[in-house]
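I opened this model to look up helix packing and pockets. My entries follow in the order I made them.

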Amino acid sequence: MRVAEKIELDAASERELRVLSKGRRVEARLQQRARAILLAAQGWQNKDIAEEVALDRRQVALWRRRFLQGGIDALRQDAPRSGRTP
């Protein structure tokens with residue numbers, strides 16, 4: 001069984017994630033990602049986080065990995081997609 005990497009937050013990061021997860025003027029997907037990272041920092045498993053925030057467990061793993069690599073800024077950016085530019 002794979003074990004997800006542990007996320008440890010400093011006070012400033014935790015505060016910013018809480019603001020993003022509860023902000024009224026924040027995009028819903030950014031709220032969802034911030035909430036997933038907060039739950040991961042509390043030690044929740046990906047499958048439990050997925051149920052709580054209405055994501056697939058693979059998406060939770062993806063956002064956890066991106067957060068570990070790029071911090072909060074990584075949550076704000078979507079990966080480039082193929083297809084016609086808008």
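At what angle do helix α2 and helix α4 pack, and how far apart are their axes? I read an angle of about 80° for α2 (residues 28-41) and α4 (residues 57-70), with the axes 10 Å apart. That makes α2 roughly perpendicular to α4 (angles of 65 to 115 degrees count as roughly perpendicular, under 35 as roughly parallel, over 145 as roughly antiparallel, the rest as oblique). The contact joins Arg33, Ile37 and Ala40 of α2 to Trp63, Arg64 and Phe67 of α4, where contact means heavy atoms within 4.5 Å. By class I noted four nonpolar, no polar and two charged residues in the contact of α2 with α4 (nonpolar is Ala, Val, Leu, Ile, Met, Phe, Trp, Tyr, Cys and Pro; charged is Asp, Glu, Lys and Arg; the others, Gly among them, are polar). Axes are lines fitted to C-alpha atoms, for helices over the stretch in contact, and angles run from 0 to 180 degrees between N-to-C directions.

Notes on provenance. The model is predicted, so local features need pLDDT of at least 70 and side-chain atom pairs count only at pLDDT 80 or more, while totals for chains, interfaces and linings use all residues. Residues are numbered from 1 along each chain as its sequence is written, and side-chain values use heavy atoms, with hydrogens and water left out.

Next I looked up α3 against α4. Their axes are 8 Å apart and the angle is about 105°. That makes α3 roughly perpendicular to α4. On the α3 side I listed Asn46, Lys47, Ile49 and Ala50, which meet Arg57, Val60, Ala61 and Arg64 in α4. The contact of α3 with α4 has four nonpolar, one polar and three charged residues.

Then the chain as a whole. I counted five helices and zero strands (DSSP runs numbered from the N terminus, helices being H or I with at least four residues and strands E with at least two). The radius of gyration is 13 Å, close to the 12 Å that the globule rule gives for 86 residues, so the chain is as compact as a globular protein of that length. The radius is taken over C-alpha atoms, and the rule is 2.2 Å times the number of residues to the power 0.38. The C-alpha trace spans about 40 × 35 × 25 Å along its principal axes.

Last, the pockets. A pocket is an open set of points on a 1 Å grid over the protein atoms alone, where a 1.4 Å probe fits, with protein on both sides within 12 Å along at least five of seven lines; lining residues have an atom within 4 Å of a point. Volume is the space filled by probe spheres set on the points, which are joined across faces, edges and corners.

The largest pocket has a volume of about 640 Å³. Of its 19 lining residues, Arg2, Val3, Ala4, Asn46 and Arg64 are the closest to its centre. The largest share of this lining, six residues, comes from α4. I recorded eight nonpolar, three polar and eight charged residues in the lining of the largest pocket.

The second largest pocket has a volume of about 150 Å³. Its lining includes Arg33 and Trp63, and α4 gives the largest share, four residues.
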